[in-house]
Amino acid sequence: MQKGNKQGVVFAGKTNIGKTCAASLMCAILAAMGERFSWWYSPDLYDFLRDFDSNSSAIERVPWLIWDDAGVGHGKDWTISRLITVFERRRGLPTIVTTNLAANQWVSRDGYDKVQSRLLQNTLEWIEDGG
């Protein structure tokens, strides 16, 4: 899951196709290898980031960040700005993302186009089920 300075993967597609299962299997492999990771369901991540000053560094520095159901719910402006900052600071660190949003749907959500841009700067693969 690494090529150059790009690491990680985005699994995108409709519900019930196994995106979260795939991310879970990757985490099982990481755990077996002794790698540290942090798993976040989108609404929980937003709540965690609300206290940004004290919590953001934990997410920014974790070796592997897993963001499950990215785009679930609509993040507030503060959420979007904090996500952008987190992913800018995570450059060079792998991230695994699952989302129901197709790549072209991120731009239709206020601010998510910037989050997607930061993800793509650091993500090796965007795997999308178009069916």
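Helix axes are lines fitted to C-alpha atoms over the stretch in contact, and their angles run from 0 to 180 degrees between N-to-C directions. In this predicted model, the axes of H4 and H5 come within 9 Å. They cross at roughly 10°. Angles under 35 degrees count as roughly parallel, so H4 and H5 are roughly parallel to each other.

The protein has five helices and six strands. From the N terminus on, the elements run β-β-α-β-α-α-β-α-β-α-β. Buried residues make up 44% of the 131 residues. Among contacts with a separation of 6 or more, 79% come from residues 24 or more positions apart.

Residues from both helices build the contact of H4 with H5. On the H4 side stand Ile80, Leu83, Ile84, Phe87 and Glu88. They meet Tyr112, Lys114, Val115, Arg118 and Leu119 in H5. Seven residues of this contact are nonpolar, none is polar and three are charged.

Helix H4 also packs against H2. The axes of H2 and H4 come within 10 Å and cross at roughly 90°. Angles of 65 to 115 degrees count as roughly perpendicular, so H2 is roughly perpendicular to H4. H2 contributes Leu45, Tyr46, Leu49 and Arg50 to the contact. H4 contributes Trp78, Thr79, Arg82, Leu83 and Val86. The residues of this contact divide into six nonpolar, one polar and two charged. Leu83 of H4 is listed in the contact with H2 and also in the contact with H5.

Charged side chains were examined next. Two salt bridges are counted in the model. One joins arginine 89 to glutamate 60, with the closest N and O atoms 3.1 Å apart. Arginine 89 lies in helix H4 (residues 77–89) and glutamate 60 in helix H3 (residues 52–61), so this bridge ties together parts that are 29 residues apart in sequence. Glutamate 60 has a relative accessible area of 9%. That value is under 20%, so glutamate 60 is buried.

The other salt bridge joins arginine 118 and glutamate 88, at 2.8 Å from N to O. Arginine 118 belongs to helix H5 (residues 112–122) and glutamate 88 to helix H4, so the pair ties together parts that are 30 residues apart in sequence. Arginine 118 is buried, with a relative accessible area of 19%. Glutamate 88 is partly exposed, at 34% relative accessibility.

Aromatic side chains form a further set of interactions. Five aromatic pairs are counted. In one of these pairs, the rings of tryptophan 67 and tryptophan 106 have their centres 6.3 Å apart. Their planes stand at 85°. Planes over 60 degrees apart count as edge-to-face, so this pair is edge-to-face. The pair links distant parts of the chain, 39 residues apart. Tryptophan 67 sits in strand S4 (residues 64–70). Tryptophan 106 sits in the loop between strand S5 (95–99) and H5. Tryptophan 67 is buried, at 0% relative accessibility. Tryptophan 106 is likewise buried, at 0%.

Both tryptophans belong to one aromatic cluster, formed by Trp67, Phe87, Trp106, Tyr112 and Trp126.

Aspartate 69 lies in strand S4. Its phi is near 60°, a positive value in a residue other than glycine. Aspartate 69 is buried, with a relative accessible area of 18%. Proline 43 and aspartate 69 are 26 residues apart in sequence, yet their C-alpha atoms are 8.7 Å apart in space. Proline 43 is found in helix H2 (residues 42–50). Proline 43 is partly exposed, with a relative accessible area of 27%.

Asparagine 16 also has a phi near 60°, again a positive value in a residue other than glycine. Asparagine 16 lies in the loop between strand S2 (6–12) and helix H1 (19–32). At 79% relative accessibility, asparagine 16 counts as exposed, whereas aspartate 69 is buried.

Conventions:
Residues are numbered from 1 along each chain as its sequence is written. This is a predicted model: local features need pLDDT of at least 70, side-chain atom pairs count only at pLDDT 80 or more; totals for chains, interfaces and linings use all residues. Side-chain values use heavy atoms; hydrogens and water are left out. A salt bridge is a side-chain nitrogen of Lys or Arg within 4 Å of a carboxyl oxygen of Asp or Glu. Helices (H or I, at least four residues) and strands (E, at least two) are DSSP runs, numbered from the N terminus. Buried means under 20% relative accessible area, exposed over 50%, partly exposed in between (1.4 Å probe, protein chains only). Rings of Phe, Tyr and Trp (its six-membered ring) pair if their centres lie within 6.5 Å; planes under 30 degrees apart count as stacked, over 60 as edge-to-face and the rest as tilted. Angles under 35 degrees count as roughly parallel, over 145 as roughly antiparallel, 65 to 115 as roughly perpendicular and the rest as oblique. Contact means heavy atoms within 4.5 Å. Ala, Val, Leu, Ile, Met, Phe, Trp, Tyr, Cys and Pro count as nonpolar, Asp, Glu, Lys and Arg as charged, and the others, Gly among them, as polar.
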